[in-house]
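Subject: Structure handover

Dear colleague,

Here is the structure I said I would pass on.

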Amino acid sequence: MERRASRRLDVFPSILGGFGGLLGPPGTSDEDIRTSSPLCASNVEGRGLRCPLACDSVAVLAQVRLSLHILRPEFYRCRRRPLPTASRTTMPELMSIVKTPKEAFMGMVDKGVSMGGDSSIKIFHQSFYAGCYIGFGGMLSMVVAGGLDSAAQDNPTIQTFVFAALFPVNLLLILLSGGVLITGTAATVPAAVFEGKLNRMQILRTFALAWVGNLLGALLFAGFVTACNMNVGLTAKLAIKVAEKKIKEDFLITFLKGIGCNWLVCMAVFLQGQAQDMAGKMVGIWFPISCFVAIGFEHIPANMFMIPMGMMAGADVSVLDCLWRNFIPVTLGNIFAGSIIVGGGYSFAFGRLGSSPIFNMSTKEQGSPKDQQATSAAPAIPPEAQGP
């Protein structure tokens, strides 16, 4: 027992010495380490000892050697080589799917130029279809919001919100299919005239064709849903309520409501022109349109459908009241907002109306002549006097 213990104790110095051999100079080969190390099987057995660590595996010794070399200071003195230029990846440039405001305005100008070049029958055709599409959205709002009659008695805002949320369906159909509304035409055609790309006489032609086409399409659809026996019950009740409400205001108030409405409608046209995908166009249309409906502004194409529909359901509204107290002031207000506020305003911001040098002078250039003269007459400061 004592002899065996002594032999086992004699192994530990040999093992510790083996680590020193493993940490030999970097040029030492694995074969030299294997034959010179005290851990080698031949060296251990030559001493008459048996050790479980004794093996003839060069791979194990090499791995231990590599692990122990990490402790050397020379291991950390190597420099990191830079990656080759060819292996460096270049990030692609980001591309926006939304046009700039100036590009959107120029798109409206191009649309006005295109409309001015179309034949009268083409403009009337697209206007007629747009009037029918107004009826689709208006009827959807009437049916769903009309069904909330009992809820509206406690909270009228619920009915108003639902009506406003559903109404933009008609503008989606119109703007995404190339339809022509008098409200949008009131901005695109004058914008093209302001930019000098269209004759001003085209304003009268396009406005008249769009207005008549919208009216006939809306009237036809109102008669269509009435003939289908859909203008009854709660839907008819809401239609009567809307029609009678729209002729109660004075001429001036209705005119001002028309301005507020078409400002938002033309901004819907503007925003959907900025977006380049279907989802973006839908969002750009939905918010401004639902906004003007919920507020209570007046939209002439919508009124061309809703007031006649209410009259067909039995509303106490005459044709004269419909024209004088609603159609005429709303049309004038819509035209003013589209032509002057949106068409003229954005032509000043991005187009020819604001291209005069007097509107494009920088702040320094707008100084008084005396200040400019004093600045030019001031003596120059030598470089050595300007300090570091």
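The model is predicted.

Helix pair

Helix H10 spans residues 182-194 and helix H11 spans residues 201-227; their axes come within 10 Å and cross at roughly 170 degrees. Angles over 145 degrees count as roughly antiparallel, and H10 and H11 are therefore roughly antiparallel to each other. On the H10 side, the contact is made by Ile182, Thr185, Ala186, Val189, Pro190 and Val193. H11 contributes Gln202, Ile203, Thr206, Phe207, Ala210, Trp211 and Asn214. Sorted by class, the residues in this contact are 9 nonpolar and 4 polar, with no charged residues.

Cavity

How many cavities of 30 Å³ or more does the structure hold? The count is 1. The largest cavity has about 90 Å³ of space. Its lining consists of 14 residues, and those nearest the centre are Lys111, Leu175, Gly179, Leu181 and Gly184. Helix H5 (101-117), helix H9 (169-175), H10 and helix H13 (251-274) are the elements that each give two or more residues to this lining. H10 gives the most, with 4 residues. By class, the lining of the largest cavity has 8 nonpolar, 5 polar and 1 charged residues.

Regards

How values were computed. Residues are numbered from 1 along each chain as its sequence is written. This is a predicted model: local features need pLDDT of at least 70, side-chain atom pairs count only at pLDDT 80 or more; totals for chains, interfaces and linings use all residues. Side-chain values use heavy atoms; hydrogens and water are left out. Axes are lines fitted to C-alpha atoms, for helices over the stretch in contact, and angles run from 0 to 180 degrees between N-to-C directions. Angles under 35 degrees count as roughly parallel, over 145 as roughly antiparallel, 65 to 115 as roughly perpendicular and the rest as oblique. Contact means heavy atoms within 4.5 Å. Ala, Val, Leu, Ile, Met, Phe, Trp, Tyr, Cys and Pro count as nonpolar, Asp, Glu, Lys and Arg as charged, and the others, Gly among them, as polar. On a 1 Å grid over the protein atoms alone, a cavity is a set of points where a 1.4 Å probe fits but cannot get out, and a pocket is an open set with protein on both sides within 12 Å along at least five of seven lines; lining residues have an atom within 4 Å of a point. Grid points are joined across faces, edges and corners, and a volume is the space filled by probe spheres set on the points.
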